[in-house]
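Subject: Structure handover

Hello,

Here is the structure I promised to pass on. Please open it first, then read the notes below with it on screen.

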Amino acid sequence: MPKEAEVDSFERILASLAAKPKYLPEWPDGQRAMPNEVLRSALFNCRNRNQQRVFLKDIEIAVIGDGQIIYRGEELRQDDELVWLHLIHLAKKVALGECVEFTPYSFVKALGWPIKGQSYERLRTCLSRMQATAIRIHSKRLGCFISVSLILKFKSRDENNENMSRWQVWVGEEMRLLFDDEFLTRVNWETRKSLPDGITSKLFGYWASHRQPYPVKVETLIKLCGSEMAQKNFKIELKKALGELVRVEFLDSWEIVEDLVAVKRRY
């Protein structure tokens, strides 16, 4: 049986949801947005794309700082994050719970993926994978666990199993609780999609969620990335990622001193 305090907290969350507008907050077309709790977690990890994805059953996902995430579903990676970032951008134009429609061509083009059948199938796979998720998120600002699926429904084929010209996705109303302006990070879309999926894109999102990033241990970044690499090998890839973030002018500088990583953002 749930504790009385937990029930009370959940009822307050439901009341808060009812009082909020059914639209996501606004941000410019040149940006994409994501809750800090997600960016500071290993929910969208960056394991090697050649590794087979595993199914996680109510596994606690690593989170840096405040918060806890329990996840059930197929492992999510940085390509899923890219897709979700753009989907949520489209979803903010309609009331949550209503259908979001788009052509697969326009979506793939927006991601910067090659315009070919393989990209359409990759997009369909990402959306299907995110539909079959159950995520329980807790943080101080929420006050209790919130259970969500990244996507409520997804439809790309008709009743005859033929490809639809316009795909349809539904995002749940409870997503509004996570997308609170005060706890939301907006990232430059052109920069994000130009980065290789992996440690570079993951750390871009993480440090974007901090106006003035504080030093963090290498082993903590390994957990954030969901990496299974040995620390020695991870540091090699980490230095490459840091160099790339300087090249795209997101970071001004970085240094690693005794396995403590310190960065200075340019913007």
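Start at Arg 186, which is partly exposed at 30% relative accessibility. Keep in mind that this is a predicted model. Arg 186 forms a salt bridge with Asp 181, and their closest N and O atoms are 2.7 Å apart. Asp 181 is also partly exposed, with a relative accessible area of 46%.

Other salt bridges share partners. Arg 53, Glu 74, Asp 79, Asp 80, Glu 81, Arg 122, Arg 129, Arg 192 and Asp 197 are joined in this way into one network. In total, the model has 24 salt bridges. The general idea is simple: side chains of opposite charge can pair when their charged atoms come close.

Asp 197 and Arg 122 form a salt bridge, with 3.5 Å between the closest N and O atoms. This pair links distant parts of the chain, 75 residues apart. Asp 197 sits in the loop between helix 7 (189-194) and helix 8 (199-208), while Arg 122 belongs to helix 5. What is the accessibility of each partner? Asp 197 is partly exposed, at 27% relative accessible area. Arg 122 is partly exposed as well, at 31%.

Stay in helix 5 for another pair. The side chains of Glu 121 and Arg 124 meet in a salt bridge, at 2.4 Å from N to O. Why can they be described as about one helical turn apart? Because Glu 121 and Arg 124 are three residues apart in helix 5 (residues 117-131), about one helical turn separates them. Is Arg 124 buried or exposed? Arg 124 is buried, since its relative accessible area is 6%, under the 20% cut-off. Glu 121, at 37%, counts as partly exposed.

The pairings are as follows:

- Strand 12 and strand 14 run antiparallel and are joined by two bridges. Val 216 has Val 261 of strand 14 as its bridge partner.
- Strand 13 (residues 251-257) and strand 14 (residues 260-265) pair antiparallel over six bridges. Ser 253 stands opposite Lys 264 in strand 14.

Strand 13 and strand 14 form a hairpin with two residues between the strands. There, Glu 258 takes a positive phi near 50°.

The axes of helix 9 (residues 218-225) and helix 10 (residues 231-247) come within 10 Å and cross at roughly 80°. The two helices are therefore roughly perpendicular to each other. Helix 9 contributes Val 218, Glu 219, Leu 221, Ile 222 and Cys 225 to the contact. Helix 10 contributes Gln 231, Phe 234, Lys 235 and Leu 238. How do these residues divide by type? Six are nonpolar, one is polar and two are charged.

Best wishes

Methods. Residues are numbered from 1 along each chain as its sequence is written. This is a predicted model: local features need pLDDT of at least 70, side-chain atom pairs count only at pLDDT 80 or more; totals for chains, interfaces and linings use all residues. Side-chain values use heavy atoms; hydrogens and water are left out. A salt bridge is a side-chain nitrogen of Lys or Arg within 4 Å of a carboxyl oxygen of Asp or Glu. Helices (H or I, at least four residues) and strands (E, at least two) are DSSP runs, numbered from the N terminus. Buried means under 20% relative accessible area, exposed over 50%, partly exposed in between (1.4 Å probe, protein chains only). Axes are lines fitted to C-alpha atoms, for helices over the stretch in contact, and angles run from 0 to 180 degrees between N-to-C directions. Angles under 35 degrees count as roughly parallel, over 145 as roughly antiparallel, 65 to 115 as roughly perpendicular and the rest as oblique. Contact means heavy atoms within 4.5 Å. Ala, Val, Leu, Ile, Met, Phe, Trp, Tyr, Cys and Pro count as nonpolar, Asp, Glu, Lys and Arg as charged, and the others, Gly among them, as polar. Two strands pair if DSSP finds at least two bridges between them.
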